Amino acid sequence: MENKTSPTTKVLKYSFSYLLAVLFIFPILWMLFASLKPSGYHVSKIIEWFLPPYSFVNYSDVIAQAPVLKWMLNSLIVSASVTLIVIIFDSLAAFALSVIDFKYKNLVFVLFTIGLMVPTEANVVALFDIVQKLGLINTYPGLILPRIAIPLGIIILKEFFDAIPRDLIDSARIDGCGLFRIYYSIFMPLSKAAIASIGIFTFIQAWNAFLWPFIAIMTKEMFTLPVGVPTFTDAYTPDYSIPMTVNMIASLPAIAAFLLFQKQIIQGIKFTGIKG
């Protein structure tokens, strides 16, 4: 006999789910309503945050006072570039490790695996020294290139490529396809789920990165959002409205990306086995 969920259990599950949803969305709603309060508005009760008066003046003031849109553009350029390069490099490396037989292949894969155990903080000094000698400090390449080495993407894609039937490779070679043609005509289309998950998490990590941009950026115009927002909001510590407005503007791309790609994000979590 099939186990059927009782109506009471369903009600409890849905109620618990809605409660969690409210708890997670409440800070975002509070940030939104706080950003709509006039600058210097005094609040004595929590409910007053959500009541009139409302004003959009803070948004125009913030955009006029700080280059928030420029910071957002910098974050977008860096995150999109890092994601694209990581997908290309990781997929090529995984394809080589999965398909091509060469000496010390297993050793190379072990070295990639060991790379997962090296924290970013451990090589910051060496990275800064290299980037400085190359003259890339305070430039887009200086922000992008140190973040393209992600061993996890190589490991995930290799395991996925290993599961692709070798008969497809043999058939393609009989038809005269070279290795690169096999890579982008067979392996890449069949690995869309893995590539999407790697791309999403790489973009999120690059968008939220603070340590390296904080070290490698020297001018205000090159700030990314995680670096620029704290430097601006520190001057308005007693006033919640302006800092909340800046954070709301900074959060809009991430919220929009989640709403557009929530299905892919959930699939990516299931695929990679990452829990959060």
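Helices are taken as DSSP runs of H or I with at least four residues, numbered from the N terminus, and the expected span of a helix is 1.5 Å times one less than its number of residues. The model is predicted, so that local features need pLDDT of at least 70 and side-chain atom pairs count only at pLDDT 80 or more, whereas totals for chains, interfaces and linings use all residues. Residues are numbered from 1 along each chain as its sequence is written, and side-chain values use heavy atoms, with hydrogens and water left out.

Helix α9, spanning residues 179-190, comprises twelve residues and reaches 16 Å from its first C-alpha to its last, close to the 16 Å expected at 1.5 Å a residue. Within α9, the residues I182, Y183, I186, F187 and M188 are buried (under 20% relative accessible area, 1.4 Å probe, protein chains only). The cover over these buried residues includes α3 (68-99), α7 (151-162), α8 (166-174) and α10 (192-208).

Helices α8 and α9 pack at an angle of about 145°, with their axes 10 Å apart, where axes are lines fitted to C-alpha atoms over the stretch in contact and angles run from 0 to 180 degrees between N-to-C directions. The contact (heavy atoms within 4.5 Å) involves R166, L168, I169, A172 and R173 of α8 together with L179, I182, I186, F187 and L190 of α9.

Leaving aside neighbours within four places in sequence, F187 is in contact with F95, V99, F161, I164, R166, I169 and I182.

Conventions:
Helix = DSSP H or I, 4+ residues; strand = E, 2+ residues; numbered from the N terminus. Buried < 20%, exposed > 50% of the residue type's maximum accessible area, 1.4 Å probe, protein only.
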